[in-house]
Amino acid sequence: MVCGILTLPQTSHLCRRSASTIGSTRSPKLSHGTPRILCSNSSPDMPLTSVGATDKLENSAPMTGGAFDFKKATISLTDELMSSSKKVTLLRHGLSTWNEESRIQGSSNMSVLTETGIKQAERCKRALSNIHFDKCFSSPISRAKSTAEIVWQGREEPLVFIDSLGENLEAVDAKQIYPKEYITWREDPASFEVNGINPLRKVWGTAREAWKEILLTPGEHFLVVTHKSILRALICTALGLGPERFRATDVNNGGVTVLNFNKRGEAMLQSLNMTSHMYSDHVYRY
């Protein structure tokens with residue numbers, strides 16, 4: 001169905017009634033220049049005057065979510081056609097020792113799962129137990145690796161560890177060492193730089209590398225276990241958002257996010273940061 005905007009001739013007033021017409025059963029007339037949406041299947045012979053109304057679609061293949069008539073509604077993360085559509089479930093690792101201390105963990109292996117974090121990973125395992133995954137990709141850093149090992153226990157396929165899923169941010173006490181830069185990190189992370197390096201832009205590039213490796217792997221449903229910063233980057237890059245939107249999403253420890261991809265590697269967000277399983281025995285069946 002093709003829709004356009006029809007501009008009506010110079011007649012009357014849009015929903016404007018004087019005191020004398022209140023209670024009248026007559027329908028109000030449309031005002032001069034008021035646009036009205038016109039669909040081709042309602043009156044095919046009427047002319048469409050809107051810009052782009054008669055434009056032909058550049059590509060007839062439907063985009064994710066059926067948004068086939070939107071240009072650049074999303075972007076391809078593969079730059080090539082995949083053999084099938086994909087579903088990817090993203091999972092943040094359980095609570096770690098440095099999470100409890102509100103410290104930047106980065107690529108450090110010194111931060112490990114707490115007892116609470118282990119229980120969270122076990123809850124994730126139970127919550128995802130009814131879902132078939134072709135593969136599980138994980139960050140090789142200890143807190144994510146341990147979470148993946150718990151969640152994936154009992155499944156036949158071996159875990160796949162990808163370096164690009166690891167945190168690329170340096171594990172330092174930034175608030176103490178770089179107090180001025182730390183304020184920028186909290187308030188305007190896209191502009192945050194240390195020693196001439198913009199970490200977030202680096203993370204965005206790494207996220208794109210990870211997506212390409214994941215999506216071009218044979219299979220239709222994957223589980224990805226990783227960290228908060230890279231998860232934010234994965235979600236944003238999938239949706240075509242830049243580093244300035246880094247804090248536009250948040251993911252809790254054990255939070256589950258699901259994205260669907262069409263054959264062109266274009267994403268549609270199905271769910272963000274689901275945490276029902278953290279507070280109940282909820283089992284997902286998506």
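Lys145 and Glu149 form a salt bridge, with their closest N and O atoms 2.7 Å apart; the term means a side-chain nitrogen of Lys or Arg within 4 Å of a carboxyl oxygen of Asp or Glu. The two residues are 4 residues apart in helix α3 (residues 142–152), so about one helical turn separates them. This is a predicted model, in which local features need pLDDT of at least 70 and side-chain atom pairs count only at pLDDT 80 or more, while totals for chains, interfaces and linings use all residues. Residues are numbered from 1 along each chain as its sequence is written, and side-chain values use heavy atoms, leaving out hydrogens and water.

The structure holds 7 salt bridges, including these:

| Pair | Closest N and O atoms |
|---|---|
| Lys145 and Glu149 | 2.7 Å |
| Asp250 and Lys228 | 3.0 Å |
| Arg126 and Asp281 | 3.6 Å |

Arg126 lies in helix α2 (residues 115–127) and Asp281 in the segment after α8 (276–279), so the pair ties together parts 155 residues apart in sequence. Helices (H or I, at least four residues) and strands (E, at least two) are DSSP runs, numbered from the N terminus.

Strand β6 (residues 221–226) has 6 of its 6 residues buried, where buried means under 20% relative accessible area, exposed over 50% and partly exposed in between (1.4 Å probe, protein chains only). Strand β3 (residues 86–92) pairs with β6 in the parallel sense over 6 bridges; pairing requires at least two bridges found by DSSP between two strands. Strand β4 (residues 135–138) also pairs with β6 in the parallel sense, over 4 bridges.
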